[in-house]
There are 2 protein chains.
Amino acid sequence: MTPHIVDHHDPSTRSQIEVVAFDADDTLWRNEEFFRGAEDLFMELVGPYVPDGVDLRAALTSVEVGNISLSGYGVKAFGLSMVECAVTVTAGRVPASVIGRIVDHVHDLLRHPVEILDGVPETLAAVGATHRVVLITKGDLVHQTRKVRTSGLEHHFEHVAVVLEKDPDAYRRLLSEWDINPATFAMVGNSVRSDVLPVVEIGGFGIHVPYHLTWHHETVDDPEHSYAELGSIRDVPAWLAGHA
Amino acid sequence: MTPHIVDHHDPSTRSQIEVVAFDADDTLWRNEEFFRGAEDLFMELVGPYVPDGVDLRAALTSVEVGNISLSGYGVKAFGLSMVECAVTVTAGRVPASVIGRIVDHVHDLLRHPVEILDGVPETLAAVGATHRVVLITKGDLVHQTRKVRTSGLEHHFEHVAVVLEKDPDAYRRLLSEWDINPATFAMVGNSVRSDVLPVVEIGGFGIHVPYHLTWHHETVDDPEHSYAELGSIRDVPAWLAGHA
């Protein structure tokens with residue numbers, strides 16, 4: 001059963017959304033807060049050993065973004081960047097005990113229980129009643145897999161993919177592997193850069209559900225693309241029903 | 001064109017291998033050496049700060065294996081474990097500069113060029129002429145993807161999967177996703193524990209090509225399963241040709 005109106009006479013000019021993909025971090029569950037919390041702890045612990053005039057937060061961002069191509073997104077990569085930054089910015093004056101606390105915190109983050117966002121289970125159930133549902137997330141393979149498995153949401157997803165980077169090629173590869181026509185594909189997520197623009201680029205639908213926090217690396221200054229922006233994930237089923 | 005003899009009258013009792021999967025680390029390219037090298041550097045750098053009577057190598061292994069379920073396999077997880085161990089074993093006496101060198105070495109490992117093992121490109125080309133070829137590896141998503149992309153071998157593989165753990169469930173999921181019948185599937189790799197036993201368990205063929213170094217976590221003490229053991233990856237095409 002589907003609420004869509006389909007023009008059977010000319011399928012090439014109208015497409016019906018058949019598959020809905022959801023992003024995970026900050027779309028299904030809280031994530032950015034935990035990174036900010038780790039950053040705050042880093043500032044508090046390392047700050048006292050930093051020479052006057054050094055902007056510690058800017059230094060951390062610089063190390064972190066500089067390492068992305070090498071170590072990727074996710075908590076472990078961030079942890080190694082925090083350690084690297086703590087040592088270099090303090091010219092080795094930071095005590096090992098401080099570094100130990102940072103690494104302990106990283107391991108704590110990896111085992112932290114998933115905190116599902118409001119409206120998510122109901123939305124997945126509603127969308128799953130009318131569409132095929134998949135999950136596409138980037139980040140650390142171990143951590144993301146652990147979160148999916150302990151979230152209580154795994155049964156909603158026909159496929160779960162953890163990718164390195166959410167660029168058009170990555171979406172093309174996944175859709176080809178899953179035998180999904182991009183014109184029938186919609187992606188729901190909190191990042192315009194990762195969840196919306198590349199999906200629009202390959203001919204799919206991007207549905208932006210903003211999160212109250214967005215990592216600087218995920219913001220897009222001047223998006224000139226069209227896509228849906230919804231106030232809440234709870235609005236997704238109605239948007240799908242209204243879309244033909 | 002395939003060299004196999006197939007009994008067309010009773011396909012259920014004979015299966016022809018159609019898909020050959022290769023492991024990556026220590027099967028296609030050198031890996032374990034780099035971990036051992038990092039471990040040796042760790043011993044050399046941290047050793048001087050360790051109390052008498054403490055077995056530093058055993059402590060590192062203990063921290064490392066204890067963190068696997070949380071942080072997984074791969075260089076970044078190993079790096080965080082080295083930092084954790086350096087701080088705890090020395091009760092914080094290790095200088096931050098030493099930790100900085102360990103983290104720098106981890107980042108160096110992530111960018112180290114792939115060193116292809118002897119006979120690999122020819123073998124992949126030969127097997128690819130008669131079979132579908134895929135790659136299944138575990139470890140760090142970013143690092144493994146980088147290695148595949150820079151190896152010059154990527155074009156040989158119809159699919160590349162980086163999984164969390166190579167257990168029977170993981171193989172079942174992949175084969176189902178790729179629409180492969182396990183009875184027609186062979187896996188080539190250096191680990192009996194990861195590449196052979198789980199594949200035999202789901203009804204496929206395990207082809208063990210030992211590497212001169214095997215990580216302690218990958219050894220199996222008393223395998224009571226039957227599988228092929230080849231002296232070199234160069235022997236794979238002949239084994240496939242002889243198998244019907």
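Student: Into which domains is chain A divided, and which way do the residues of strand 4 of chain A point?

Tutor: This is a predicted model, in which local features need pLDDT of at least 70 and side-chain atom pairs count only at pLDDT 80 or more, while totals for chains, interfaces and linings use all residues. Residues are numbered from 1 along each chain as its sequence is written, and chains are lettered from A and ligands numbered from 1 in the order in which they are written.

Chain A is divided into domain 1 (19-29 + 115-242) and domain 2 (32-111); the bounds come from an automatic or database domain assignment. The C-alpha centres of these two domains of chain A lie 29 Å apart. Where they meet, 11 residues of domain 1 of chain A are in contact with 11 residues of domain 2 of chain A (C-beta atoms, placed from the backbone, within 7 Å). On the domain 1 side, the touching residues are 4 nonpolar, 4 polar and 3 charged (nonpolar: Ala, Val, Leu, Ile, Met, Phe, Trp, Tyr, Cys and Pro; charged: Asp, Glu, Lys and Arg; polar: the others, Gly among them).

Chain A has 9 helices and 6 strands (DSSP runs of H or I, at least four residues, and of E, at least two, numbered from the N terminus). Of its 244 residues, 40% count as buried (20 or more other C-beta atoms within 10 Å of the residue's own; 12 or fewer is exposed, in between is partly exposed, with C-beta atoms placed from the backbone). Among the contacts in chain A with a separation of 6 or more, 67% join residues 24 or more positions apart.

Now to strand 4 itself. It covers residues 185-189 of chain A, and because 5 of the 5 are buried, the strand is largely enclosed by the rest of the structure. F185(A), M187(A) and G189(A) point one way from strand 4 of chain A, A186(A) and V188(A) point the other way, and all are buried. In a regular strand the side chains alternate between the two faces of the sheet.

Strand 4 of chain A has partners on either hand. Strand 1 (residues 19-22) of chain A runs parallel to strand 4 of chain A and is joined to it by 4 bridges (strands pair if DSSP finds at least two bridges between them). F22(A) has V188(A) as its bridge partner. Strand 5 (residues 205-208) of chain A is also joined to strand 4 by 4 bridges, again running parallel, and M187(A) stands opposite G206(A) there. Together with helix 8 (residues 192-201) of chain A, strands 4 and 5 of chain A make a right-handed β-α-β unit (with the strands pointing away from the viewer, the path from the first strand over the helix to the second runs clockwise).

The largest nonpolar core has 70 residues, of which V20(A), A21(A), V188(A), V20(B), A21(B) and V188(B) touch the most other members (a core is a set of buried Ala, Val, Leu, Ile, Met, Phe, Trp, Tyr and Cys residues joined through C-beta atoms within 7 Å). A second, separate core of 48 residues includes A86(A), L109(A), I99(B) and V103(B). In soluble globular proteins, nonpolar side chains tend to be buried together.

Strand 1 (residues 19-22) and strand 4 (residues 185-189) of chain B run parallel, joined by 4 bridges, and F22(B) stands opposite V188(B). In helix 8 (residues 192-201) of chain B lies S194(B), which counts as buried because it has 27 C-beta neighbours inside 10 Å.

The two chains touch as well: 31 residues from chain B and 31 residues from chain A take part. On the chain B side, helix 4 of chain B gives the largest share, 9 residues. That side divides into 16 nonpolar, 11 polar and 4 charged residues.
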